[in-house]
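Welcome to this short report. Please take a look at the sequence and the structure below before reading on.

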Amino acid sequence: MTDALLKMCDITKSFPGVLALDNVALEVASGEIHGLVGENGAGKSTIIKVLAGVYKADAGTVEIDGHVLPDVTPRSVHDAGVRFIHQELHLVQHFTVTESVFMGQEEQTLLGLSTRAMRQKAEAFFETALGTEMSGNTLIRDLGIAERKLVQIARALIDNQAKLVVFDEPTAPLTSGETDKLFTAIRKLKEQGIAMIYVSHYLAEITGICDRVTVLRNGQNAGRFDEVFDDSAPAMISAMVGREIDELFPKTEHTPAAPRFEVTDLSAEKFEDVSFTIHRNEIVGVAGLVGSGREDLIDTIYGLAKPRSGTMKIDGVAQKFRAPADAVGAGIALVPRDRRHDGLVLDMSVSDNINLAALDTVSRGTLENRRAANAVATDMSETLDIRPRNIAATLRLLSGGNQQKVVLGRWLNKGADIFILDEPTVGVDVGAKVEIYQHIENLAQDGVSVLVSSSDPGELIGLCDRILVMLRGKIVAEVSTTDLGVDELVALTTGGATQEAVS
Amino acid sequence: MNQTLSTKLLAVFPIAVFACLFAYLSIESSTFLSLGTFELILKQAVPTVIVSLGLAAVVIAGGDDVVAGGIDLSIPATAIICAAIIADQLTNQGNTLVFAMTLAFGAAAIIGAINAFLVVGLRMTPLLATLSMSVAVVGLTKVITSSRRIGVTDESIVFIRDGKIMGVAASVILTAVLVVIFYHALHRTRWGMNMQATGGSRDAAEISGILTRRFVVQSFLIAAFAGWIASVFVLARGSGSSPGTEENMLLEMVLATFLGAAFSPRRVVTLWGAVLGAVVVSALSVGFISIGVNVFWTGCIKGALILLVVASAAVATKGRS
């Protein structure tokens, strides 16, 4: 593997206030499958977008086949034989396979489209290049997700000009059975001498399929593995993580009291057989990659999505949530991951937002008692240190951290027994993070049961007593956070280790 | 499995309702199933078929989401103002047909360009943009005609009304040619496939290197063009321009185009579907008249059918996702 097909050298890219890539190198030999791994925010997407010509690097060179690209644009990269398989499928539901494969590159004669020729070409391509049978007349909406992924790949490669294919998290929406189909295709492409960059969070896949691996951390190269073995995952994880949990967390030992919230064998479209219990005075975390079913689990618990089967009990009483209002009525508070869309009315004032869930307590009949509402809001903004300390301020003008405190304040005001926090600190600055952690901790001290779903392993370990780990729609591990390392949790979420190996 | 079966039943439900209606009409009226009636149905359908071609193009390029997708409600108004301009030029101003039609073409082009600018340039919702445009254009038509009927006796227009080509009504033959041209362009060329991709998934089309904004602009220009062509047939059918015809045409156009989606194998708006839909709608009108249904009831029934078709499409979409 001496002849490098792609050489990206000293790539630097900064955004206002952030150095996203700092002298990063990425080298791919012809015919190899090269893994690219790193935590969220390590710079994987940024370097892929630099290669795609979407971002312009501040410094550095991109060399393909020994020629430095003078100008890296989507067109020049495409002409050099680089193809991208994006995470999203980008297919038209009511198109046939043939129409999808040839979208934007249809073949036609003077008489019109060469439908039959295109269909034959597409079907032949699936068979010879991807090692699978596919009828060109099938509609996309009748295909499974894995097959749609293959159609997406065929569209990128049908012109037979591809030398390097970049896969961005190709298996994220797939179940484990479906991934095999994709891997068959990927191996088949390798046989044809096509090089690939494989970006994934799933380390088990990386070790299974990649020849070499580049690890990024905080926008820098953090190691390259020129040989990959089945047991390389732990070494990769320590290269990826390489930090300790900072002192952001006020955690004290909780002594969980009686069980409060029990979920038994809950199944829905994207997860199955999920069971867990949250006690009083306890903070439980849910870890899992995008597509693991973690977000769907939270939505289902909160009545936003329908469960297929299973039961939920609060204090031993069975619950059925048809809509979020039912969950609120049962004493559950949700701090949603997308607070701007689901959590707040941005054009209303701080006071209005804080009182939104508990209007009946500050109303006489159908009339809102302004003075009482404002008193509540003033109290709450002092307790939570919401800045600016102006309850009439429009929420849109507050920073992310202060907006999140308003969401929190609303539920504190309402007085819920169970708090569900979905990505509570996304887009929140460090100072406000510490305060939010302290408030969550206080809740647990006061006997509230808390469920935290987060993509930040450090946050989960620092905040929670126990963590449920989800992978491909199942809870694969349940671990105590005492002496749990970030690397161990990352290994669990990426399928790089099992519960037995960790505990 | 059960769900897919019920989804399929839902999808054929509108077709079944129409089939029953036709069965009823042919039993009730002795003349409904005859060649003469069939020709009458086709002749009556002509202007609706042509404006539906335009609407189908806009929906194909903009997507079939009724609010956010592509829709152009100003096509009938375009046809009516073009008819008014042509009638006014021929009868009141004494100009030639070529001059009158060129002037009308200019008006249609301006309407199409403004629609395209509102939707693509200003990112207005097509529904609102073209509805307002329709109201404005209808108002302008009244200014031109003083809200009076203008008769036309030009021999080309009379030929389109009464003439025959190879024994078939001239208007039907000319429309058939137009349908074939539209069909070929939109369904049998790369340009048409790219337009379909634009409406099918804007992101997917963009990623495949298709200039989607250009296709949306073109679809509104095509719609205006269809309105212009339709104006000639509107003139022929009514032997002149008469105010107030756009309202019924608007209703029939929307019904025909979305009814066509129920007829198409993929359950999406297509040109064939729109044409078939227009013929079916015309057959209903002719059928209702032939069995002597009150004219006021006809409107009520048509409205109810629109609701039925759109509702079953909405439920089908929901079942799919």
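## A buried arginine and its partner

A:Arg212 counts as buried, because its relative accessibility is 7%. (Buried means under 20% relative accessible area, exposed over 50%, and partly exposed in between, with a 1.4 Å probe and protein chains only.) Its side chain meets that of A:Glu32 in a salt bridge, 2.9 Å from N to O. The term salt bridge stands for a side-chain nitrogen of Lys or Arg within 4 Å of a carboxyl oxygen of Asp or Glu. A:Arg212 sits in strand 11 (residues 212–217) of chain A, while A:Glu32 is in the loop between strand 2 (18–29) and strand 3 (33–37) of chain A, so the pair ties together parts that are 180 residues apart in sequence. Helices (H or I, at least four residues) and strands (E, at least two) are DSSP runs, numbered from the N terminus. A:Glu32 is buried, since its relative accessible area is 0%.

This is a predicted model, in which local features need pLDDT of at least 70 and side-chain atom pairs count only at pLDDT 80 or more, while totals for chains, interfaces and linings use all residues. Residues are numbered from 1 along each chain as its sequence is written, chains are lettered from A and ligands numbered from 1 in the order in which they are written, and side-chain values use heavy atoms, with hydrogens and water left out.

How many salt bridges does a search of the whole structure find over all chains? The search finds 28. One of the pairs is B:Arg190 with A:Glu106, at 3.9 Å from N to O. B:Arg190 lies in helix 8 of chain B and A:Glu106 in the loop between helix 3 (97–101) and strand 7 (108–109) of chain A, so this pair joins two chains. B:Arg190 is partly exposed, with a relative accessible area of 34%, whereas A:Glu106 is buried, at 4%.

Within chain B, the side chains of B:Lys164 and B:Glu39 form a salt bridge of 3.4 Å, N to O. B:Lys164 belongs to strand 2 (residues 164–165) of chain B and B:Glu39 to helix 2 of chain B, so the pair ties together parts that are 125 residues apart in sequence. Shared partners also link salt bridges into one network of A:Glu32, A:Arg212, A:Arg224 and A:Asp226.

## Two helices that pack

Two packed helices are described by the angle between their axes and the distance between the axes. Helix 2 (residues 35–62) and helix 8 (residues 190–200) of chain B pack at an angle of about 60°, and their axes are 5 Å apart.

## A loop residue in chain B

B:Asp154 is located in the loop between strand 1 (150–151) and helix 6 (155–162) of chain B. Leaving aside residues up to four places away in sequence, B:Asp154 touches B:Leu90 and B:Leu97.

## Positive phi angles

A:Asn218 is not a glycine, yet has a positive phi of about 50°. A:Asn218 belongs to the loop between strand 11 and strand 12 (220–225) of chain A and is exposed, with a relative accessible area of 60%. A:Asp273 also has a positive phi of about 50° without being a glycine, and is placed in strand 14 (residues 271–279) of chain A.

Technical notes. Axes are lines fitted to C-alpha atoms, for helices over the stretch in contact, and angles run from 0 to 180 degrees between N-to-C directions. Contact means heavy atoms within 4.5 Å.
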